[in-house]
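Subject: Handing over the two-chain model

Hi,

Here is the structure I promised to pass on.

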Amino acid sequence: MHQKWYKNKRLTPYLFISPAVLLISAFLFYPMFNIFSYSLWQYNLNKPYATMFVGLNNFIQIFTQDKIFYGTLGVTARWVIVQVTAQFIFGMVTALILNQNFKGRGVARSLVFLPWSISGVLASVLWSLIYNEHIGVLNDLFLKIGLIDKSVAWLGNTSFSFMSVAIADFWRGVPFFAITMLAAMQSIPMELYESCRIDGGSAISGFRYVTLPFLKNNIVLTTLLCSVWEFKNVDLIYNLTGGGPGYLTTTLSIYITNSAVNDKDFGYGSALAVVSFIFLLLASFIYLRLTKFGKEENEV
Amino acid sequence: MKKKAIAIVMACIMVMALFTACASTAPAPKSEPTTTAATANNTTSAEASTAAEPEPAVKTPADYTGTVVYWQMNADPVRNDIYEQHVQGFSKIYPNVKVELSNYPANQTLQKIDLAAASNDMPDACDLGLNQVPPYALKGALVPLDDYIANWDEKDDILPALLENQRKYFLDNKIYSLPLNAQLGILWYRPDLFDAPKTWDEFYSTVEKFTDTAKKTYGFSIRGVNAAVNDMVFMYAYSGITDFFTPDGKCTINDPLHVEAMEKYFGMYKKNTPESDITNSFKEMSAVYDSGTAMMILHNTGSYSDHLKTLGPGKFGAARIPKPINGDYLVDIDQGFGGYVMGKNDNPNPDSTFAFISYLVGFEAESLRCKTLGIVPTNKKVFEEAWAKELPQYQLVMDALSSPDTKLVAPPIYLPDYNKICTDIADKGFQNVMLGNTTVKQVLDDMASAFEKANNEYKAMAKK
């Protein structure tokens with residue numbers, strides 16, 4: 001006698017995952033497929049009459065004729081390295097401090113996590129006011145303590161524009177590392193630190209031989225996630241400088257935004273997005289291979 | 001044989017009917033355009049249907065009939081309410097015309113009109129941005145309004161520059177829209193401190209005189225982002241050149257006088273202007289003026305309420321940009337926002353459609369709309385109202401756009417690449433000029449060559 005199909009236990013797992021598969025297909029795979037498809041077309045909303053299949057022409061143009069593209073790669077690399085390094089170091093230090101027992105720890109933790117809860121646009125407005133040449137608090141403060149003798153246009157000055165935007169994003173990003181590191185630190189058994197101390201180890205040894213090995217997978221994952229997020233960061237840079245002055249803060253993601261959204265050139269913008277996707281995929285793969293992510297767990 | 005004879009008779013009747021229809025295209029009475037004149041550019045079915053019924057010599061509002069489908073393409077609660085009132089006002093005058101109003105948000109304009117144009121289902125009328133009108137006219141989706149305007153009693157109420165200058169935007173030199181509202185580049189200055197500069201020498205000497213970096217005050221504030229119109233005003237107003245392209249298709253933007261103008265203009269950067277100007281859009285630029293940091297800025301009438309709120313009466317004034325160095329006239333860049341257009345379709349009552357869009361730019365409707373939305377009228381009678389007379393910048397716009405001494409340059413905003421050239425080449429290029437990374441001549445040469453290429457593409461598209 002045949003079992004009714006919905007009573008077939010082999011089908012049950014597929015039924016359970018089908019809503020997720022459907023949603024992911026609709027909201028991730030379908031748009032991705034569209035991006036790949038558009039990248040092979042000349043598709044500019046301003047020139048509907050010129051829409052046509054151009055094969056790999058957009059990619060050839062990116063790598064052989066686009067004067068801006070290589071510049072944006074340099075800015076993007078600089079941006080990702082600065083952000084991930086600075087956010088990781090300060091996030092780790094913050095987590096170590098917040099992991100100690102002290103009075104008001106709860107309040108301190110809440111305050112540290114606050115920037116993470118502020119939206120990108122709000123953070124940009126906040127920082128654009130702080131950096132304002134005429135009414136900004138930063139100029140006022142620096143003038144009062146004598147660090148500068150005249151107001152500086154932090155976002156318009158070639159020497160400071162990149163670092164000014166980077167600091168604003170750093171402020172917003174540190175809590176992510178602090179939260180995840182703190183959560184991981186709290187899962188480390190205290191006995192291990194005790195053993196380390198009994199063996200004559202200092203606090204630094206405890207950090208070197210207990211904390212870091214335990215946090216390894218966490219560090220690899222968070223730095224990878226942060227790299228991806230920073231690579232495609234748009235909101236803060238777009239709102240603070242729009243990629244300027246000149247192209248000094250134009251990352252690849254800002255360039256994609258300007259091409260696809262502002263210029264309405266979805267074909268070329270999609271090709272840039274595909275290039276960006278392949279870069280990220282390769283970088284993530286190499287990073288995970290180099291750091292042997294999850295290997296120890298698999299070996300156990 | 002009998003059948004053949006009937007067929008010949010029928011054919012003769014049809015040919016005669018056709019001649020009769022053609023004969024009805026005789027000149028229309030001056031008061032209103034005839035339906036046939038209006039449909040000269042309309043579909044064949046419309047011609048046939050309207051030609052069959054002879055029109056009365058002079059139409060009264062009660063003679064207008066049918067339905068007008070109007071798409072308002074800038075929907076928001078305030079505008080929707082205003083247009084409802086326009087429809088009601090129109091219905092009182094034209095009781096036999098029914099207006100079907102639909103409101104669409106601005107971000108749906110392209111999608112809706114593209115679809116309508118592609119499926120030959122254009123609305124009878126709608127409002128479009130100035131950059132959108134020429135491409136749809138080129139596609140044959142719009143009705144030229146020249147015949148209607150020629151027979152329109154109230155055409156002289158509209159600021160003449162706004163109607164006539166439109167021809168520059170269309171390859172067939174016709175008029176396709178009735179202007180939505182007027183706009184002009186205004187030199188906002190400080191009348192409490194100095195008189196508005198009348199010449200370029202006076203302008204630069206005033207800028208120099210009122211710069212005091214120790215006190216953090218500057219003679220001027222440059223717009224660094226989305227600044228193409230400001231840049232063009234400074235170029236063309238200085239040179240006196242009035243055409244963007246020469247008849248042989250050469251772009252005039254890299255004329256040596258423009259290079260000279262922009263070298264002087266960007267020569268002010270950091271010397272007589274704040275350093276942050278390089279990343280300033282209009283809001284920031286306006287704030288620099290309103291805070292008393294900069295003595296002058298170039299912006300349109302839109303920032304009036306900010307100046308009034310922050311600087312207060314008497315401390316800000318509106319002036320025209322100086323005359324060209326070699327000319328005794330004034331040049332400005334056309335900054336109109338768009339207009340009311342008639343879609344090409346088979347509506348048998350195009351006269352009623354024109355009656356509606358001409359009502360929209362008439363005194364009653366425009367007064368309500370401009371007063372409520374704070375936009376500059378196009379109808380001279382509206383400028384005479386008490387509320388408009390209280391606004392000095394409005395009078396400035398009216399005087400300027402009524403004067404034969406004002407020449408308007410029509411930037412090719414209809415080119416598909418216009419915005420890309422303005423942001424990617426002009427904005428970024430001039431930012432690099434301010435940073436000392438490139439020269440004004442290089443940027444203007446790049447702009448000229450990009451505009452020429454885009455214009456050639458546009459013309460090629462028109463021929464297809």
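This is a predicted model: local features need pLDDT of at least 70, side-chain atom pairs count only at pLDDT 80 or more; totals for chains, interfaces and linings use all residues.

Residues are numbered from 1 along each chain as its sequence is written, chains are lettered from A and ligands numbered from 1 in the order in which they are written, and side-chain values use heavy atoms, with hydrogens and water left out.

**Cores**

The largest nonpolar core has 80 residues. By nonpolar core I mean a set of buried Ala, Val, Leu, Ile, Met, Phe, Trp, Tyr and Cys residues joined through side-chain atoms within 4.5 Å; buried is under 20% relative accessible area, exposed over 50%, and partly exposed in between (1.4 Å probe, protein chains only). Helix H20 of chain B (residues 440-463) gives this core its largest share, 10 residues. Helices here are DSSP runs of H or I with at least four residues, numbered from the N terminus. Phe203(B) is one of the members that touch the most others.

**Interface**

Chain B brings 22 residues to the contact and chain A brings 24 residues. The area buried between them is about 2000 Å², with 52% from carbon and sulfur atoms; buried area is the accessible area (1.4 Å probe) lost on putting two parts together, summed over both. Glu275(B), Pro416(B) and Lys428(B) supply 27% of what chain B buries against chain A, more than any other three residues. There is one salt bridge between the chains, a term for a side-chain nitrogen of Lys or Arg within 4 Å of a carboxyl oxygen of Asp or Glu. Lys420(B) forms a salt bridge with Asp263(A), and their closest N and O atoms are 3.3 Å apart. H19(B) supplies seven residues, the largest share of the side of chain B that touches chain A.

**Thr94(A)**

Thr94(A) sits in helix H3 of chain A (residues 69-98) and is buried, at 17% relative accessible area. Beyond its neighbours within four places in sequence, Thr94(A) is in contact with Val112(A), Val174(A) and Ala178(A).

Best wishes

Definitions and conventions: Helices (H or I, at least four residues) and strands (E, at least two) are DSSP runs, numbered from the N terminus. Contact means heavy atoms within 4.5 Å.
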